[in-house]
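Here is a predicted fold to read alongside its coordinates. Have both views open, and try each question before you read the answer.

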Amino acid sequence: MIATPYYCIDKRRLLVNLERIDEVRQASGAKVLLALKCFATWSVFDLMREHMDGTTSSSLYEVRLGRETFGGETHAYSVAYADHEMDEVISHADKIIFNSLGQFGRFADRAHGKPIGLRLNPGASASGFDLADPTRPFSRLGESDPAKVAAVIDRIDGFMIHNNCENHDFARFDELLTGIEARFGALLGQVNWVSLGGGIHFTGEDYPRQAFAARLRAFAERHGVQVYLEPGEAAITNSASLEVTVLDTLHNGKDLAVVDSSIEAHMLDLLIYRLSARVEPNTGPHRYLVYGKSAWQATSSASSTFRNL
Ligand SMILES: Cc1ncc(COP(=O)(O)O)c(C=O)c1O
């Protein structure tokens, strides 16, 4: 028995996602980069790199991790780089993507000839979370004015646009991409590549992958660009679990169980986005409110037999 708590990554389930990624790569011609901000467990990178083209990052240490442990094509992006990070970032990157024209103006000369990208903010998104929504008022996520971008287009090699979030709906993706073409169409034809970011749940069982791939191929051909996708969650969804043991049970108006993990340490995104954990198999006859060990609220309510007591 492995001592809990631990994350269990099921490689067979991971492979289901990776094979669906392959299907899209082959049918669309798009390159697919793992977004390390979502998943950076390098013990399974051997398997993942057979089905993905490289990584993208959101900080200096992520781009270094991508270069050293994953390989393939390594994209560097960050909402903002500090002056002292620049040379090291460039040393690990195949392409550098700036979030703003301000960062571009400050650091482009230090790219040593590496291709430079710029993040665009298309003013529309499929994000249900304010925190990650580029269309929220006063968003810092990318440049939105095509005229300002046009002024430096001769020095820009590609664009990155990330405006999907947990988007399972192909029609909505298609609509958003059409909006991007309407707003930035004149610029798209002047660059070599466009990354459409993450948040597109194209590895879902019922996702219309062939239609998705055809849309990406048509986009690439229309604008003469190499398309990139940056899945994080879509690459690893449904393939891992956090395994815990119940340490104590109490009754205080309800049956309560305390497990040997904490939401802050092991499932921080649930805290940030105010979500509940999914408990599996959740089939037993008893209802418990499941708490972590720290002061924070319950992780979820579960129906369980709790054999580990
Ligand atoms: C620029 C960028 N690319 C890719 C991703 C990965 O998104 P997801 O894990 O939702 O696929 C993110 C997540 O925030 C991101 O900000």
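**Reading the model**

Q: Gly-123 has what relative accessible area?
A: Gly-123 counts as partly exposed. The class lies between buried, under 20% relative accessible area, and exposed, over 50% (1.4 Å probe, protein chains only). For Gly-123 the value is 44%.

Q: Side-chain atom pairs count only at what pLDDT?
A: Residues are numbered from 1 along each chain as its sequence is written, and side-chain values use heavy atoms, with hydrogens and water left out. This is a predicted model: totals for chains, interfaces and linings use all residues, local features need pLDDT of at least 70, and side-chain atom pairs count only at pLDDT 80 or more.

Q: Which residues does Gly-123 touch, not counting residues up to four places away in sequence?
A: Gly-123 sits in the loop between strand 6 (116-119) and helix 6 (146-150). Helices (H or I, at least four residues) and strands (E, at least two) are DSSP runs, numbered from the N terminus. Contact means heavy atoms within 4.5 Å. Beyond four places in sequence, Gly-123 touches Thr-135 and Arg-183.

Q: How far apart in space are Gly-123 and Tyr-6, C-alpha to C-alpha?
A: In sequence, 117 residues separate Gly-123 and Tyr-6. In space, their C-alpha to C-alpha distance is 40 Å.

Q: Why does the radius of gyration of the protein agree with a compact globule?
A: The radius is taken over C-alpha atoms, and the globule rule is 2.2 Å times the number of residues to the power 0.38. With 309 residues, the rule gives a value near 19 Å, so there is agreement with the protein's own radius of gyration of 21 Å.

Q: Of the 309 residues of the protein, what percentage count as buried?
A: The protein has 11 helices and 14 strands. Among contacts between residues at least 6 apart in sequence, 61% join residues at least 24 apart. Of the 309 residues, the buried part is 49%.

Q: Which residues surround the ligand?
A: A residue is near a molecule if one of its heavy atoms lies within 4 Å of it. The shell has 4 nonpolar, 4 polar and 3 charged residues. The ligand is surrounded by Ala-35, Lys-37, Cys-38, Met-160, His-162, Gly-198, Gly-199, Glu-230, Pro-231, Gly-232 and Glu-233.

Q: What percentage of the ligand's accessible area does the protein cover?
A: A ligand oxygen lies 3.0 Å from an N or O atom in the side chain of Lys-37, and a ligand oxygen lies 3.0 Å from a polar backbone atom of Gly-232. A backbone N or O atom of Glu-233 is 2.9 Å from an oxygen atom of the ligand. Of the 400 Å² of accessible area that the ligand has on its own, the protein covers 85%.

Q: Is His-92 buried or exposed, and at what relative accessibility?
A: His-92 belongs to helix 4 (residues 86-92). Setting aside neighbours within four places in sequence, its contacts include Leu-60, Val-63 and Arg-64. His-92 counts as buried because its relative accessibility is 11%.

Q: Which elements do the buried residues of helix 3 pack against?
A: The buried residues of helix 3 (residues 60-70) are Leu-60, Glu-62, Val-63, Leu-65, Gly-66 and Phe-70. After helix 3 comes Gly-71, with a positive phi near 80°. The buried residues of helix 3 pack against strand 2 (31-35), helix 2 (45-48), strand 3 (54-56), strand 4 (73-78) and helix 4.

Q: The side chain of Ser-239 reaches which backbone oxygen?
A: Ser-239 is in the loop between helix 9 (233-236) and strand 10 (240-243). At 3% relative accessibility, Ser-239 is buried. At 2.4 Å, its side chain reaches the backbone oxygen of Ile-236.

Q: Asn-238 has a positive phi of about what value?
A: Asn-238 is in the loop between helix 9 and strand 10. At 44% relative accessibility, Asn-238 is partly exposed. Although Asn-238 is not a glycine, its phi is positive, about 65°.

Q: What is omega for the cis peptide bond that joins Glu-280 and Pro-281?
A: Pro-281 lies in the loop between helix 11 (268-273) and strand 13 (286-291). The peptide bond from Thr-4 to Pro-5 is cis, with omega near 0°. For the cis bond joining Glu-280 and Pro-281, omega is about 5°.

Definitions and conventions
Polar contact = N/O pair within 3.5 Å; in protein donor to acceptor, adjacent residues only side chain to side chain. Areas by Shrake-Rupley, 256 points an atom, 1.4 Å probe, with all protein chains shown as cover. Nonpolar A, V, L, I, M, F, W, Y, C, P; charged D, E, K, R; others polar.
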